[in-house]
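Grab your viewer and work through these exercises with the model open. Each one has a task sentence and then a stepwise solution.

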Amino acid sequence: MHKKNIFITSTGTNLGKTYCTVEILKELASRKIKINGFKPILSGFNSYSIADSDSYKILETKNINPKLENIKEITPWLFKSPIAPSIAAVNENKSLKYQEVLKWCSKKSNNSEINIFEGAGGIHVPIEGTKTILNL
């Protein structure tokens with residue numbers, strides 16, 4: 001099978017990206033198709049209620065224990081503030097570089113399985129400088 005990647009995004013936040021991601025994961029898994037789910041960047045992550053996070057829902061669909069270390073495997077850029085990731089990174093003294101995110105996504109998609117990547121917020125959410133989710 002050739003490498004296949006799906007990127008789920010929308011025009012804004014809370015419009016159903018996670019719902020679509022989870023439903024596609026469930027449907028393909030029911031057909032015994034090998035599939036991976038990733039959400040590289042997540043703003044608004046509360047480590048005290050991880051069950052509310054998009055990444056938790058993705059892991060749960062794959063029957064992977066959705067504990068914090070597994071969430072970090074599919075979502076390496078976690079931010080507490082529910083704001084644009086580029087701003088959240090600055091506020092939390094964390095690094096968020098577009099090229100690093102792109103490299104991480106490319107590395108994760110370097111397999112023979114189908115990979116679903118869920119974006120953060122909408123298509124014009126800034127990652128770094130002028131680079132947005134749309135660029136990713």
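Helices (H or I, at least four residues) and strands (E, at least two) are DSSP runs, numbered from the N terminus. This is a predicted model, where local features need pLDDT of at least 70 and side-chain atom pairs count only at pLDDT 80 or more, while totals for chains, interfaces and linings use all residues. Residues are numbered from 1 along each chain as its sequence is written, and side-chain values use heavy atoms, with hydrogens and water left out.

**Exercise 1. Work out which elements supply the lining of the largest pocket, and what classes of residue it has.**

Step 1: On a 1 Å grid over the protein atoms alone, a pocket is an open set of points where a 1.4 Å probe fits, with protein on both sides within 12 Å along at least five of seven lines; lining residues have an atom within 4 Å of a point. A volume is the space filled by probe spheres set on the points, with grid points joined across faces, edges and corners.

Step 2: Get the volume, which is about 490 Å³ for the largest pocket. Of its 25 lining residues, Thr13, Asn14, Leu42, Ser43 and Asp54 are the closest to the centre.

Step 3: Sort by class. Ala, Val, Leu, Ile, Met, Phe, Trp, Tyr, Cys and Pro count as nonpolar, Asp, Glu, Lys and Arg as charged, and the others, Gly among them, as polar. The lining comes out at nine nonpolar, 10 polar and six charged residues.

**Exercise 2. Decide whether strand 5 is buried or exposed, and find its pairing partners.**

Step 1: Check burial (buried means under 20% relative accessible area, exposed over 50%, partly exposed in between, with a 1.4 Å probe and protein chains only). Five of the five residues of strand 5 (residues 114-118) are buried, so the rest of the structure largely encloses it.

Step 2: Look for partners (two strands pair if DSSP finds at least two bridges between them). Strand 1 (residues 4-8) runs parallel to strand 5 over five bridges, with Asn5 opposite Asn115. Strand 2 (residues 35-38) is also parallel to strand 5, joined by four bridges, and Phe38 sits opposite Phe117.

**Exercise 3. Trace the aromatic cluster that includes Trp104.**

Step 1: Apply the criterion. Rings of Phe, Tyr and Trp (its six-membered ring) pair if their centres lie within 6.5 Å; planes under 30 degrees apart are stacked, over 60 edge-to-face, the rest tilted. The structure holds three such pairs.

Step 2: Take Phe38 and Trp104, an edge-to-face pair at 5.7 Å centre to centre and 90° between planes. Phe38 is in strand 2 and Trp104 in helix 5 (residues 98-108), so the pair ties together parts 66 residues apart in sequence.

**Exercise 4. Find which residues are networked with Asp54 by salt bridges.**

Step 1: Use the cut-off (a side-chain nitrogen of Lys or Arg within 4 Å of a carboxyl oxygen of Asp or Glu). A whole-structure search gives seven salt bridges.

Step 2: Asp54 meets Lys39 at 3.3 Å, N to O, and both are buried.

Step 3: Extend to the network, which links Lys39, Asp54 and Glu118.
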